[in-house]
Amino acid sequence: MGDESFPSWRCVVLDVALVALTIAVFAVLVLVLRGLERL
Amino acid sequence: MSDTAAGLLTVVALVAVLGLTHVPLGDHMARVYSATTHWRVERLLYRLCRIDPDAEQSWPTYAVSVLGFSLASVLFLLGLERLQHVLPLSLGFDPVQPQLAWNTAASFVTNTNWQNYSGESTLGHLVQMSGLAVQNFASAAVGMAVAVALVRGFARSRTNRVGNFWVDLVRGCFRILLPLSIVAAVLLIAAGVVQNLSDPHTVTTISGATQHLPGGPVASQEAIKELGTNGGGFYNANSSHPFENPNPFTNLLEIALLLLVPFALPRTFGRLLGDKRQGWAILAAMAVIFAASLTMLTVFEAHHSGAALQAAGASMEGKEVRFGVPSSALFANATTLTSTGAVNSMHDSFTPLGGGVTILNMMYGEIAPGGTGSGLYGMLVLAVVTVFVAGLMVGRTPEYLGKKIQAREVKFAALYLLTTPSVVLIGTGVAMSFPSPRASMLNAGPHGLSEVLYAFTSAGNNNGSAFAGLTGATTFYDLALGLAMLFGRFLPILFVLGLAGSVAAQRPVPATDGTLPTHRPLFVAMLVGVVVIVVALTYFPALALGPLAEGVTR
């Protein structure tokens with residue numbers, strides 16, 4: 001389960017992408033929350 | 001003693017434990033969440049985090065706090081997994097692969113604990129203790145906090161305040177989960193569960209081969225794994241591993257732990273509301289569904305079809321001999337009707353209809369008794385739908401707990417009910433549409449569909465158990481199931497908090513002769529009926545193509 005098959009540059013790109021994905025998911029949730037406030 | 005007698009004794013002992021703890025634990029939790037004083041350690045924590053514990057929040061602020069805490073938790077856990085090779089107690093393990101680390105972070109923060117990794121060969125002790133075990137506490141406390149906010153919404157009137165999330169979170173951890181976990185961990189250690197910080201022991205077997213025996217802080221993690229309805233095992237084999245669940249006593253204890261808080265929360269609800277009868281009604285609905293599912297699951301596993309199974313006398317494939325069929329069925333029923341996801345047998349090896357019951361249990365939305373907190377708020381949303389349906393039947397504006405159920409409340413309830421099925425069915429549909437995700441199925445035909453359906457049902461409902469046949473450690477499933485877990489957890493929480501704010505703002509409506517009593521057996525029967533009908537209408541086609549099709553062709 002280690003990183004042997006992953007070059008380090010690919011790991012960095014993936015790490016950044018996954019952090020961005022996490023923030024994007026929570027940003028969507030905040031947008032839903034703002035929509036619900038007007039329901 | 002026969003398996004059947006042992007199973008019956010286990011059920012009797014379980015009912016006794018839950019019966020004895022229901023009132024004291026439920027009352028204790030009500031006192032915890034309504035206390036006006038703070039412990040010294042709590043005050044210190046609030047001061048360090050610059051939180052005013054006496055300032056209550058409106059529902060949107062409460063929701064932003066939940067989301068902010070959860071976002072920080074995902075990122076922290078992700079960082080811990082990716083950096084474990086430079087951290088102490090790593091046992092020499094490499095950093096977890098990025099997408100697997102993300103899936104695991106999303107999984108533990110959402111109280112799902114879906115595991116695409118093998119704990120004993122992937123994670124060091126520090127990540128297990130400071131990452132996963134901490135989230136086992138925090139995610140369970142988040143669920144309880146949201147449930148209590150909804151109860152406050154019903155109990156209060158003409159206010160926009162539903163509590164303080166940070167206070168509810170801290171109290172849930174410090175005053176409820178931590179003390180219970182310490183007692184449970186000591187009991188587990190006394191009964192033979194492993195607890196150490198040593199490196200794996202290397203032994204030479206009788207045949208001369210070398211074997212590594214991994215130890216670790218298992219009992220302490222096992223306690224909160226069950227108590228917080230988390231389910232993520234220290235070992236890949238979860239509670240079927242003899243170091244994690246060595247004997248029938250620990251098996252009973254683990255089942256009792258995972259049901260303890262969810263079955264006590266209706267009492268807390270009744271106490272906070274000032275009407276204990278309402279709590280009994282919710283508890284009765286949970287118990288009816290639990291008993292019905294347990295009966296079905298045990299019958300399907302005991303009265304199996306197929307010449308090989310009948311010749312063997314039991315459907316024992318995938319089950320531990322030390323537990324037998326009844327105790328395996330009981331564990332499977334308890335773990336899928338709560339949001340736990342721990343397993344002491346492989347659900348993939350259950351009979352088709354038995355496996356179908358485990359999927360159905362999760363599809364109920366895990367409300368009987370459900371996860372810590374999420375079970376109660378899920379059942380209360382369904383109670384709102386039930387009074388709405390009853391109101392439509394007689395042409396009256398529905399009321400629940402002295403609050404009118406109007407368009408706004410029904411919108412929140414409807415959004416809640418639509419979210420999880422959307423996540424599950426769209427996710428399954430996408431997975432079945434592409435060759436790469438289909439290649440992860442171990443079996444073809446209906447059983448293969450059941451594997452994928454189970455995975456998305458488990459993720460979307462934040463259960464975390466796996467059907468065992470599906471190879472989930474692929475980029476597609478890491479990302480798709482991670483998204484299913486996050487949206488399946490936090491969208492319903494937003495709708496529940498919206499409902500809490502909506503009913504809290506109302507003025508109370510006095511009960512009249514036309515008000516539907518919601519503490520009587522008739523309401524309990526209607527509530528159970530609504531649960532079954534909603535699930536049947538939503539999921540029947542998927543179930544028909546998977547476990548039902550397999551069941552009728554065997």
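A: The description below starts at the contact between the chains, then turns to a helix pair, a hairpin and a loop. The model is a predicted one.

Chain A has one helix and zero strands. Of its 39 residues, 13% count as buried. The contact between the chains draws on 19 residues of chain A and 27 residues of chain B. On the chain A side, the residues that touch chain B comprise 14 nonpolar, two polar and three charged ones.

One part of the picture is the pairing of helix α1 of chain A, residues 8–37, with helix α4 of chain B, residues 98–109. Two packed helices are described by the angle between their axes and the distance between the axes. Here the axes come within 9 Å and cross at roughly 25°. Angles under 35 degrees count as roughly parallel, and α1(A) and α4(B) are therefore roughly parallel to each other. The crossing of α1(A) past α4(B) is right-handed. From α1(A), the residues that take part are C11(A), L14(A), D15(A) and L18(A), and they meet P98(B), Q99(B) and W102(B) of α4(B). By class, this contact of α1(A) with α4(B) has five nonpolar residues, one polar and one charged.

Within chain B, another helix pair is formed by α6, residues 125–155, and α7, residues 165–190. Their axes come within 8 Å and cross at roughly 120°, so α6(B) is oblique to α7(B). The crossing of α6(B) and α7(B) is right-handed. On the α6(B) side the contact is made by F137(B), A138(B), A140(B), A141(B), V142(B), M144(B), A145(B) and V148(B). On the α7(B) side it is made by F165(B), D168(B), L169(B), G172(B), C173(B) and L177(B). The contact of α6(B) with α7(B) divides into 12 nonpolar residues, one polar and one charged.

Helix α6 of chain B also holds V151(B). V151(B) counts as buried because it has 28 C-beta neighbours inside 10 Å. Leaving aside residues up to four places away in sequence, V151(B) touches F269(B), L272(B) and L273(B). The C-alpha atoms of V151(B) and L376(B) are separated by 9.3 Å, with the two residues 225 residues apart along the chain.

Chain B also has strands. Strand β3, residues 201–204, and strand β4, residues 210–213, run antiparallel and are joined by four bridges. In this pair V203(B) stands opposite Q211(B). The two strands form a hairpin with five residues between them, and G208(B) in the turn has a positive phi of about 95°.

S465(B) counts as buried because 28 C-beta neighbours lie inside 10 Å. Apart from residues up to four places away in sequence, S465(B) touches G231(B), T335(B), T336(B), G341(B), V343(B), H347(B) and S458(B). D52(B), by contrast, is 413 residues from S465(B) in sequence and 38 Å from it in space, C-alpha to C-alpha.

Terms used: Residues are numbered from 1 along each chain as its sequence is written. Chains are lettered from A and ligands numbered from 1 in the order in which they are written. This is a predicted model: local features need pLDDT of at least 70, side-chain atom pairs count only at pLDDT 80 or more; totals for chains, interfaces and linings use all residues. Axes are lines fitted to C-alpha atoms, for helices over the stretch in contact, and angles run from 0 to 180 degrees between N-to-C directions. Angles under 35 degrees count as roughly parallel, over 145 as roughly antiparallel, 65 to 115 as roughly perpendicular and the rest as oblique. A crossing is left-handed if the near helix is turned anticlockwise from the far one by less than a right angle, and right-handed if clockwise. Two residues are in contact if their C-beta atoms, placed from the backbone, lie within 7 Å. Ala, Val, Leu, Ile, Met, Phe, Trp, Tyr, Cys and Pro count as nonpolar, Asp, Glu, Lys and Arg as charged, and the others, Gly among them, as polar. A residue is buried if 20 or more other C-beta atoms lie within 10 Å of its own, exposed if 12 or fewer, and partly exposed in between; C-beta atoms are placed from the backbone. Two strands pair if DSSP finds at least two bridges between them.
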